[in-house]
Amino acid sequence: MKKVTLKVQGMCSDHCALTVRKIIMGHLNVDSAETSFANEEASVVFKSEDTSEMNDIFKGIRAAGYEPMLIDDRGKVAMVNKTFKLHVGGMGSDHCAGIVQRVIQSFDSVESVETSFANQEATIIFKNGDAIELDAILKGIKDAGYDPSLISDEAQPEDQESNERRSLALLKRKVIVGAVLSTVILLLVHWNKFGFFTIEHQVSFILQLLLTIPVLFYSGGRIYKGAWSKALRKTVDMDTLIALGTGAAMLYSLVATFAPDVLSVSGIEADVYYDTAAIILTLILLGKYLEDRARKGTSEAIRKLLGLQAKTARIIRNGKEVDIPVSDVQVGDILLVRPGEKIPVDGDIVEGSSSVNESMVTGESMPVSKHEGDSVIGATMNETGSFQMRATKVGADTVLSHIVEVVKKAQASKAPIQRIADQVSTIFVPVVIVIALVAFVAWIIFGGGITAFTAALVAAVSVLIIACPCALGIATPTAVMVGTGKGAEHGILIKDASALENAHKVTAVVFDKTGTLTEGKPRVTDFIFVEGVSKEDLLPSILAVEKLSEHPLAKAIVHDLREKNVSENNANNFIAYRGKGVEAYVESKTILIGTERFLAEKSVVISQDVLQRAISLEQQGKSVVFVAYDGVSSAIIAIADTLKESAIETVAQLKSLGIEPVMITGDNEGTANAIAAQVGIERVFARVLPEEKAEKIKDLQLEGKIVAMAGDGINDAPALVQADVGIAMGSGTDIAMESAGMTLLNGDISKILQALKLSRLTMRTIKQNLFWAFAYNTLGIPIAAGALYPFTGLLLSPVIASAAMSFSSLSVVLNSLRLKKISL
């Protein structure tokens with residue numbers, strides 16, 4: 001199988017995303033596809049390594065009114081079959097675009113070309129990747145009177161923002177043109193009432209038509225083009241409804257203008273609706289403009305994150321300082337960072353020290369002291385000192401890039417609650433078209449026959465115009481986009497929308513002890529050796545084995561032994577048994593280090609005296625590690641960890657919210673209960689193996705609890721997956737973070753409370769959005785069809801219907817944006 005990611009510009013709702021997905025899935029070699037209007041992306045999985053259908057997929061997506069581009073492994077816009085994009089200045093119409101297209105097609109090396117006067121762009125695919133004629137093409141376009149230039153495939157954030165500004169500016173111009181011409185058309189409609197001079201009806205009709213044509217084909221051209229393209233692919237969306245509604249009004253008006261006798265013979269008054277068509281399009285475009293402006297705020301979090309990246313780095317080469325673009329930094333480069341500068345990439349300090357403000361990444365406001373050997377995160381701010389660092393992660397591998405990618409994926413993911421809207425959206429437009437036809441026929445039958453034609457037309461057009469599938473399509477995604485962005489700003493990395501939704505229903509939070517409730521930086525307090533054992537012989541062997549382990553307790557032992565300058569041996573055949581201990585060979589002797597149960601499984605006999613000493617240490621809240629050398633119990637090591645400052649307050653607040661805190665640990669009951677008592681947790685699972693942790697989570701779920709699990713280690717991964725919401729500490733392992741639905745970037749468990757609050761507020765917003773979208777369509781469509789006419793004698797104007805439709809989508813976006821103002 002082969003996975004390909006596309007950037008698809010122009011998707012404005014989940015309905016658009018479903019349309020694109022349908023196009024992609026229509027190709028035989030496509031196994032699966034996922035689309036996201038939030039990120040304007042589509043992921044395509046082919047059944048084999050053969051991606052030859054990509055060109056056909058691109059053509060199909062473009063034919064539906066969207067602009068696809070391939071994204072490479074670095075997350076940059078790439079080229080497929082040597083695809084080049086040109087900016088072509090001076091194209092003022094589709095006719096100009098057609099001229100440019102014919103110029104490009106005249107070259108033998110061109111396989112296909114697409115041109116867009118609206119975007120002032122041309123997309124060229126060359127045969128066999130041969131772009132040797134590109135310069136000649138540029139010259140040919142220039143000779144034809146236009147200004148071509150090659151668009152770089154390096155998509156920079158500022159470039160994207162610039163493109164968005166240009167698109168908004170173009171849309172604004174279209175709104176202004178529509179508004180000005182619609183105002184003039186309205187003046188013509190009512191001109192004879194002003195008493196200046198009289199304009200004949202026929203002359204007025206023709207003038208209105210001439211003024212309406214630019215509104216239709218300039219301001220509203222994209223709508224009709226999109227509707228036609230989708231009709232050719234047998235799909236429908238909101239563009240279809242608008243095109244049908246305004247098209248019906250225009251068709252009737254054209255008959256009334258040039259063949260009025262056809263209507264008058266049937267007893268229908270020959271009147272025109274040019275003003276209605278023009279004003280409808282203008283109001284819809286105005287709503288679209290306001291919505292796009294507002295929706296820019298929903299993706300502001302990603303733009304902010306991308307904007308954090310340093311633009312340049314100061315590299316030390318041959319003893320000299322050289323400023324280079326941050327994109328040119330390679331792993332292993334030595335960089336100099338001065339006070340007040342952004343750290344360019346992730347790395348380790350090799351010389352110097354400083355305080356670093358990591359708030360932009362972790363959400364923690366207090367600067368962090370950094371010294372030689374400490375790691376630093378790219379895009380964070382160096383405050384007080386200068387230091388040299390070695391680059392360890394660059395480009396897409398940095399923490400910031402990972403955060404951006406996770407946020408984008410979360411914004412693209414669908415919350416379970418969205419399924420309802422998706423199901424409705426798939427049948428919404430066809431149902432609305434049927435309702436419009438039914439309304440038209442009903443008015444003819446019950447409204448007085450053919451004489452009610454005008455009222456029937458108004459009702460049908462109003463139904464088509466007032467219906468708003470976009471409000472349904474964006475109700476959930478806009479709230480998810482703002483919610484996940486808000487979380488990222490506070491150091492809460494939300495992996496998918498399901499985690500965001502499930503978090504507000506949590507009734508129990510399970511904490512792993514080490515690294516979650518405690519600092520995860522334990523220290524050795526006691527070394528107790530069995531009588532007759534030489535510590536000079538045993539300690540180097542313990543160090544040799546434990547330095548190969550990733551367990552926090554092992555690291556504490558290694559740190560302690562190295563501080564004591566214990567000599568280091570080499571171990572081989574190292575094996576880690578999750579939740580139990582480790583085994584290795586040192587100088588042909590077996591070393592076992594782990595729990596009492598682990599040594600017992602390995603047939604090691606532990607004396608009662610040693611067990612009593614261990615129990616005494618455990619009752620003090622210390623973790624005890626047993627050591628066996630060459631099959632004989634040889635020592636115990638006591639290790640203590642300190643509670644995180646926020647642990648006690650977090651547990652207390654969870655209790656006040658009615659959420660049960662639970663502690664789970666591989667430690668024995670004595671140690672576990674001692675820690676639990678300090679933090680205020682009553683329910684404790686002790687001596688739990690990694691695979692048993694997941695079982696304990698399942699047991700809680702069988703009790704009817706919605707469970708969140710907070711952990712940081714490899715051994716927590718199964719439980720994080722089993723939990724309804726997995727929460728990983730950012731200070732933990734990559735496996736834990738991959739397994740969890742949320743990550744707390746600075747490991748502060750008080751942010752669990754913030755995550756739960758964010759989930760509650762986001763879900764409340766989603767429900768408000770969905771209620772408004774469903775209520776608006778449920779009430780608006782019958783009213784537009786004339787349901788109130790028998791009681792009030794009023795029929796909804798299509799102009800009012802278009803204003804209401806525009807407001808419905810805008811209100812959903814604005815309601816979602818309120819999440820940006822909340823305090824966590």
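Trainee: Among contacts in the protein chain between residues at least 6 apart in sequence, what share joins residues at least 24 apart?

Mentor: In this predicted model, 68% of those contacts join residues at least 24 apart in sequence. A contact here requires heavy atoms within 4.5 Å.

Trainee: How many helices and strands does the protein chain have, and what percentage of its residues count as buried?

Mentor: The chain has 30 helices and 30 strands. Of its 824 residues, 52% count as buried, a label that requires under 20% relative accessible area.

Trainee: What makes a set of residues a nonpolar core, and which members of the largest one touch the most other members?

Mentor: The members must be buried residues of kinds such as Leu, Ile and Phe, joined through side-chain atoms within 4.5 Å. The largest core has 131 residues, and those touching the most other members are Leu-6, Ile-24, Ile-61, Phe-511, Leu-517 and Ile-727. Helix α28 (residues 751-785) supplies the largest share of this core, with 14 residues. A second, separate core has 24 residues, including Leu-539, Ala-544, Val-582 and Ile-593.

Trainee: With which residues is Leu-517 in contact, leaving aside its neighbours within four places in sequence?

Mentor: Leu-517 is in contact with Phe-511, Asp-512, Leu-643, Lys-644, Ala-647, Met-663, Val-679, Ile-681 and Ile-749.

Trainee: Does Met-54 count as buried or exposed, and how do you know?

Mentor: The relative accessibility of Met-54 is 2%. The limit for buried is under 20%, so Met-54 counts as buried. Met-54 lies in helix α2 (residues 54-63). The C-alpha atoms of Met-54 and Val-44, 10 residues apart along the chain, are separated by 9.6 Å.

Trainee: Why is α19 called largely enclosed?

Mentor: Because 9 of its 12 residues are buried, α19 is largely enclosed by the rest of the structure. The buried residues are Leu-538, Leu-539, Pro-540, Ser-541, Ile-542, Leu-543, Ala-544, Val-545 and Glu-546.

Trainee: What does helix α6 reach from its first C-alpha to its last, and which of its residues are buried?

Mentor: Helix α6 (residues 201-219) has 19 residues and reaches 26 Å, close to the expected 27 Å. Its buried residues are Ser-204, Phe-205, Gln-208, Leu-209, Thr-212, Val-215, Leu-216 and Ser-219.

Trainee: Why does Thr-282 count as buried, and what does its side chain reach?

Mentor: Thr-282 has a relative accessibility of 9%, so it counts as buried. This residue is found in helix α10 (residues 274-295). Its side chain reaches the backbone oxygen of Gly-178 at 3.2 Å, within the 3.5 Å limit for a polar contact. Leaving aside neighbours within four places in sequence, Thr-282 is in contact with Val-175, Gly-178, Ala-179, Ser-182 and Val-215.

Trainee: What makes β14 and β16 stand at the edges?

Mentor: Their sheet is open, with 3 strands in the order β14-β13-β16 and antiparallel pairing. β14 (368-370) and β16 (381-382) each have a single partner strand, so one side of each is left without a neighbour in the sheet. Strand β13 (residues 354-357) is joined to β16 by 2 bridges.

Trainee: In which sense do β19 and β28 pair, and over how many bridges?

Mentor: Strand β19 (residues 508-512) and strand β28 (residues 707-711) pair in the parallel sense over 4 bridges. Val-510 stands opposite Met-709 in β28. Both strands belong to an open sheet of 7 strands, ordered β18-β30-β29-β28-β19-β26-β27, with mixed pairing. Its edge strands are β18 (492-494) and β27 (683-685), and the twist averages 20° from one strand to the next.

Trainee: What is the phi of Ser-588, and what is that of Arg-687?

Mentor: Phi of Ser-588 is near 70°, and phi of Arg-687 is near 50°. Both values are positive, in residues other than glycine. Most residues other than glycine have a negative phi. Ser-588 is in the loop between β22 (581-586) and β23 (589-594), while Arg-687 lies in the loop between β27 and α25 (690-702).

Trainee: How exposed are Ser-588 and Arg-687?

Mentor: Exposed requires over 50%; Ser-588 has 70% relative accessibility, so it counts as exposed. Arg-687, with a relative accessible area of 30%, is partly exposed.

Notes
Residues numbered from 1 in each chain as written. Predicted model: local features only at pLDDT ≥ 70, side-chain atom pairs only at ≥ 80, totals over all residues. Heavy atoms only, no water. Buried < 20%, exposed > 50% of the residue type's maximum accessible area, 1.4 Å probe, protein only. Polar contact = N/O pair within 3.5 Å; in protein donor to acceptor, adjacent residues only side chain to side chain. Pairing = 2+ DSSP bridges. Axes fitted to C-alpha atoms, helices over the stretch in contact; angles between N-to-C directions. Expected span 1.5 Å × (residues − 1).
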